[in-house]
Amino acid sequence: MIRAVDILRERLGTLRPETAIILGSSLGPVAEAVAAPVRIPYRDLPGFPVPKISGHSGEVFAGHLSEKPILVLRGRGHPYEKGDAAVMRPVIEALKVFGVTRLILTNAAGSLKPDMRPGSIMLITDHINFSGMNPLIGEEGDKGFVPMTRAYDAALAEDFRQAAKAEKVKLHEGVYVWFSGPSFETPAEIRMAQSWGAHAVGMSTVPEVILARRFGLAVAGLSVITNLGAGIEGASPSHDETKSEGQKAVGDMVKLLLRFCTLTPSPREAGRGKGPAAERREG
Ligand code: HPA
């Protein structure tokens, strides 16, 4: 059986990125920042979900960001498409086997804080799984008992704080709550999520974080705020709004990711003390 990882290896030759970024709705332009990309459509990669909804395409862009090797995955499968919380498992497992060690997950989200307006970017520091689903249900043996205490990597988060400072991009921080979707939340659900201590709401990412931790990848998460949550100041979110408002933060997201790549050495480099993040990790 030809596996996705074999195809990635064959098409990418000696290029072996250790960092992968999954792009959320309308963040496609980030992929255009990849220098000299090798482009592989998801349909060529067994197990990769071919997105069927507007605002998402399915393609891997492999190349360099800020001269660092990178895999940018444009588009994701969502559990709400077929009720499969593990829809991204083949992707994340292939990345792991390919040699990726760090996964940066991005998404579009609704804000639960009136002062975090559309166009803002939020660093995800923790999450709440309110979907009732888990991609590890049915996992063999004890492998499903994945600790989620520090699901989001502290060193990667610090790199994003530094990148935001250097680029003068305001970086909010907070807790992301996963609702399964595809319908949007009611105002009562939004009030409940606020009272639970969540700051942003969305329909993705959490299952990917769980899978990534299962496979031992270091994770960072970034939300692009496209709207206020239902009922906040009378907001009534829609998919069209998500797509159009997402564009507002694309420029900042590109800046943030380009700068992040300059700061973050690969773990192999980190061992040799290259770059500020490496020094912090060592110190
Ligand atoms: N709710 C859920 N998912 C979302 C939202 C929202 O308000 N905005 C963008 N994705």
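## The ligand shell

Sorted by class, the shell around the ligand holds 6 nonpolar, 5 polar and 1 charged residues (Ala, Val, Leu, Ile, Met, Phe, Trp, Tyr, Cys and Pro count as nonpolar, Asp, Glu, Lys and Arg as charged, and the others, Gly among them, as polar). Keep in mind that this is a predicted model, where local features need pLDDT of at least 70, side-chain atom pairs count only at pLDDT 80 or more, and totals for chains, interfaces and linings use all residues. Residues are numbered from 1 along each chain as its sequence is written, and side-chain values use heavy atoms, with hydrogens and water left out.

Who's in the shell? The residues surrounding the ligand are Ala-108, Ala-109, Gly-110, Phe-184, Glu-185, Val-201, Gly-202, Met-203, Thr-226, Asn-227, Pro-237 and Thr-242 (a residue is near a molecule if one of its heavy atoms lies within 4 Å of it). Strand 5 (102-111), strand 8 (200-202) and strand 9 (218-228) each give at least two shell residues, and strand 5 has the largest share, with 3 residues. Strands here are DSSP runs (E, at least two residues), helices are runs of H or I with at least four, and both are numbered from the N terminus.

## Polar contacts and cover

Which side chain puts a polar atom 2.6 Å from a ligand nitrogen? That's Asn-227. The protein covers 96% of the 260 Å² of accessible area that the ligand has on its own (Shrake-Rupley method, 1.4 Å probe).

As for location, the ligand sits in the largest pocket. A pocket is an open set of points on a 1 Å grid over the protein atoms alone, where a 1.4 Å probe fits, with protein on both sides within 12 Å along at least five of seven lines; "sits in" means that more than half of the molecule's atoms lie within 2 Å of its grid points.

## Arg-89

Arg-89 belongs to helix 4 (residues 89-98). Its side chain makes a 2.6 Å polar contact with that of Glu-139 (N or O atoms within 3.5 Å, one able to donate a hydrogen and the other to accept it; residues adjacent in sequence count only if both atoms are side-chain atoms).

Most residues other than glycine have a negative phi, and most peptide bonds are trans. Gly-181 and Pro-182, however, are joined by a cis peptide bond, with omega about 5 degrees. Ser-66 has a positive phi, near 50 degrees.

Key
1 Å grid on protein atoms, 1.4 Å probe; cavity = no way out; pocket = protein on both sides within 12 Å on 5 of 7 lines; lining within 4 Å.
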